[in-house]
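Me: I'm new to this one. Can you walk me through how to read a few of its features?

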Amino acid sequence: MKRILGLGFAAVFFQVSLCWGAENAAGGVERTAGLEAGYQHLQGGDSSKFNEYRDIRDGAYLYRLNLDLYDRSSGRSIDLRGTNLLRDDQNALLKAAGRGWSFELEWDEIPHLISTKARTPYDYQGSGLFAAPTTAGVDMSAAGASAAKDTVVADYLDSTLRAIELGTRREKARAEASLKATPELSFNLQASIENKEGFEITSAPMGDRPPRAMNTQIPEPIDYVTRELRFATEYAEKQYQIQFSYLLSAFENEVDSLTWENIFYDPTSGTSTTVEDGATDRVFSTLGKTALYPDNIYQNVTLSTGLNLPMDSRLDATISYSRFDQNEDLLPYSTNDLGADWSSLSKLPRTTADAKMNATYLRLNYSINPLSRLALHTFYSYYAMNNDTKTDEWYYATQDAASDTGGVSSINQRRNLAYAYTKQNYGIDAYYLFRGSRLGAGYEREDTGRDFREADTGEDMLKASLSTRLAEVVSLKLKYLYGERDSGVYNGDVTDASYHLSNAAESGNDRPLSAFGNHPDLRKFDVADRKRNQLDISASMSPVQDLSISAAYNFREDDFDSGVSSAEPLAGTAFAAASGVTPGDQLGLLKERRDVYSADASYFYGSGLKLSVFYSREMVEQTQRGMSFNENARISSGFDWDEAGQQWMAVTQDRTDTVGIAAFYPIIPEKLTLSTDYTYSYGTVEIDYSGFGSDKPLDSNTYYYAFSSPEKVSHRHHVINAKLEYRAFTNMTVCLGYLYDRYKIKDWMLSPSGGWVEQVGSEFLLRDSSVDNRWGNRLVTLGGLLGPSYEAHVGTISVSYNF
Amino acid sequence: MRKILLITAFFIVCVPSSAWPLESDRQCLSCHREIKETYLQSRHGITFGMGQAEGGCESCHGPAKEHLDAVDREDKDLRIENFRTESGSKAADRCLACHERGATVYWKGSAHRLAGVNCFSCHKVHAPGQQAGMDLCFSCHQDKKGQALKSSHMPLREGKMSCASCHNPHGSFGPRMLKTPTVNETCYACHTEKRGPFLWEHAPVRENCATCHDPHGSNNPGLLKSKGPFLCTQCHQYGGHVNVPRYNRVSATYGKGCINCHTRVHGSNHPSGVKFTR
């Protein structure tokens, strides 16, 4: 398809541009046509990161084709544009237009390369099935040192790993027609179809939960089709405008589910296998299955109007209604019957998802200049997301085999809650012109009501701004916002509504209804109290002609302190932990701060020399607190959720430094020019971890719970572009280009090391080497750094010609 | 007014392009020669040419006679509409006389207008070519420039997307000049598979994708705001393996962190997908 499109486009281009001009040179038709083609050589760049969203490779290159024909007498035009034709990131556009009408056809491709070094033991059979050609055949039921079993698995991987390319490609075809029936009335119709295909990364867990989980990263097949149809019309007079649009979007996933064989044990031997796991053996499935993204339909209707009113005022109003529907056939609870017909759809309360939501949006804006120096703006918006998905009770089969915990029983029945929310915003802004300066002040209120969330929130925001000139050469802008959000009563037990058991039927450890789910000191930051400060300062100046300098500082801080105090969540109950009192230290994200400093300068010298430089530093700091406690001992005498010593803190420093320099110099004016630019980006993420687990030794027999501040994550990226252009003839330019692209990454999450890590080929095998060296808790990955460091040199020679 | 302009333009365009410009335009060009070539290649120039019953240059800049008289008198006030020096609102009003429709219909209530931006902050009327591209936006939004160059990014710097893919710089009915009513509906325009709705919803995901993702760029994979398990533990403190990352456990620390098992974190359609593991 790619070659047909690219060659066809080029053929039309040459046919028209070479022939049209000869016939119509004297006919008043203006023609502009050009192309840029060449050859490029790539050295290095052996990483998916280099070509993550582009397609640079050895060979001939058709960078650009453009053809514009315009007939002034009739007002008709044809535009043809192509970029990177015959490559994975090509784009082609054909537009024909006349007075009052236009028609467009576009083809666009976007690659997303994830990895060229991923390896997997799996063999993809199609339709979402991953088969293991052979299995490790480890006798996991036998007690004994897991080190021996690890060796068996490592040898198995060594002999079975095969390469698989990870990445996707989007291909989109779009057609659009516009018609201006009268100067006021216009119509627009747009249709598109987009295919997205390839493989992304997902996982195939076996087991119900850590430490009873064996996991394998596998590629997720992506085979999506999105079809869209959009109709829009507008009636526009000078005093008022009305717009209406309707959008229908249908998403289809050609692969409904993911099925995988257990690489550790032969699936043909049965549906489950026993795994020795310390004191208690676990039952694991030999075949797993999960549902992938379901087909869905989205519709949106939007009606907008704008009215120009007296006193230089304007009202615009928009109402929009969206509808989300999804009714995919559901999978059964398990691929295996688990001894009681659990693989039958008859066990489900319903066999299709019957999921639907709708959203209504209303927005009103009113602006007026009551005085020549005073501008007022007021607004109101209302958004309601309603969830009409039917709630039923579902069994929680944690994996495709029954196990001692996480088995399929009434204890693990859950209700799917219909999350919904409404949001209202309203406010007023005023701006006053005073001696060449512009003062602004404003107030905004946001109220959000939520179903089945911990809190509704209300936030007041005050705004101030100043825009002025200092000494006629410096332009200065300041903007400040202060917001205070109140979550009212925080109900951490709101999700109890999803549990089956009532208080009277309590038994076992999983009793969130009478105990608690999340720790009572936790506040989820998106619904917690918040104090928000935002400050933006920018200045620009031209101290001398042809030199402009600007600098900016942006500050954002969110403080989620919610005044948490100690609580006695089990007071008054008959549980052994009834006397427990929480430490009263807020858990979760406590604060987030972002500082950005930036500056840029550009200089134009009389001879045509242009220089520009840019620098920015962004620093993001997040502070959060967590707490380790035994989930199975909430109510028993051995509870530990009240011990402050179980808390940990993590302060994450995320920094990015960016530098850019660009220069353009006409060596021989109008004949020979040199342009070059250099960009450097250095991003780091450091986590300072302290508290629980940080004092435990980390070795091959590391303690049960152990963590420490990890290594700094860093991304370092240098890009140098240089281009020497020689205008050989009036219509022809020869260009020599060079691209140097170097990227270095260090990421501890993707390159683990330690006594619990074993490297097998490009993959790493993680195992739980704590305490009793239990078998559970294994992760076989597709590889370490899937988009590793690289260094690339690209040389190009191209010719651009304008017909 | 608009009808007259368009009908007039129709007749003017039908005349061969070598038609003489208006007398007033010739007078303009006698001083402002540098404008002619570039203007004729601009959209306005192509559409209206240099000859126009309503006044050519005068249709935007005002009566030429008054300006010429003021020049002759060497007045300080040159009696011409100079959009560089006018206030943003006044400058924009002239453009809105024709362009208050389509994508610009929300201009008067837009964040840009309220911040003092006018049409000429971004557009060059006398020159050809559309004034688009990230560099234009970055000239004011400098903090976003460094973000766009981060390791985890959407394909803006590769030219497959632009700021205008999500935002309408002329104003919109959505927040932050987004083209849709919410952040999520903007993201769903490309990520249609995540629209759902799902049997099991992840509430903060449904409310706002930006709860977890930074769409402008991130140093963490997947445009995530925090690293691995430290993102999830900002909201989940259930106990056991949930609460604390441990090096020697698959559950949280390596690969994709918590997502190693909770793969369907955007929502699950499996009957047993309550914890997004299926």
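Reply: A patch joins residues with over 30% relative accessible area and no salt bridge, like charges within 9 Å and nonpolar side chains (Val, Leu, Ile, Met, Phe, Trp, Tyr) within 5 Å. A salt bridge puts a side-chain nitrogen of Lys or Arg within 4 Å of a carboxyl oxygen of Asp or Glu. Here A:Lys712, A:Arg716, A:Arg742, A:Lys744 and A:Lys746 form a positive patch. This is a predicted model: local features need pLDDT of at least 70, side-chain atom pairs pLDDT 80 or more, while totals for chains, interfaces and linings use all residues. Residues count from 1 along each chain as written, chains are lettered from A, and side-chain values use heavy atoms, without hydrogens or water.

Me: Which strand gives the largest share of the positive patch?

Reply: Strands (E, at least two residues) and helices (H or I, at least four) are DSSP runs. Strand β35 (residues 732-746) of chain A gives three residues, while A:Arg716 sits in strand β34 (residues 713-729).

Me: Why does A:Arg716 count as partly exposed?

Reply: Buried is under 20% relative accessible area, exposed over 50%, partly exposed in between (1.4 Å probe, protein chains only). A:Arg716 is partly exposed because its relative accessibility is 32%.

Me: How many residues has the largest nonpolar core?

Reply: A core is a set of buried Ala, Val, Leu, Ile, Met, Phe, Trp, Tyr and Cys joined through side-chain atoms within 4.5 Å. The largest has 30 residues, with A:Trp260 and A:Ile263 making the most contacts inside. Its largest share, three residues, comes from α2(A).

Me: What about chain B?

Reply: Chain B has 14 helices and zero strands, and 52% of its 278 residues are buried.

Conventions
Areas by Shrake-Rupley, 256 points an atom, 1.4 Å probe, with all protein chains shown as cover. Lys, Arg positive; Asp, Glu negative; His and termini not counted. Charge placed at Lys NZ, Arg CZ, Asp CG, Glu CD.
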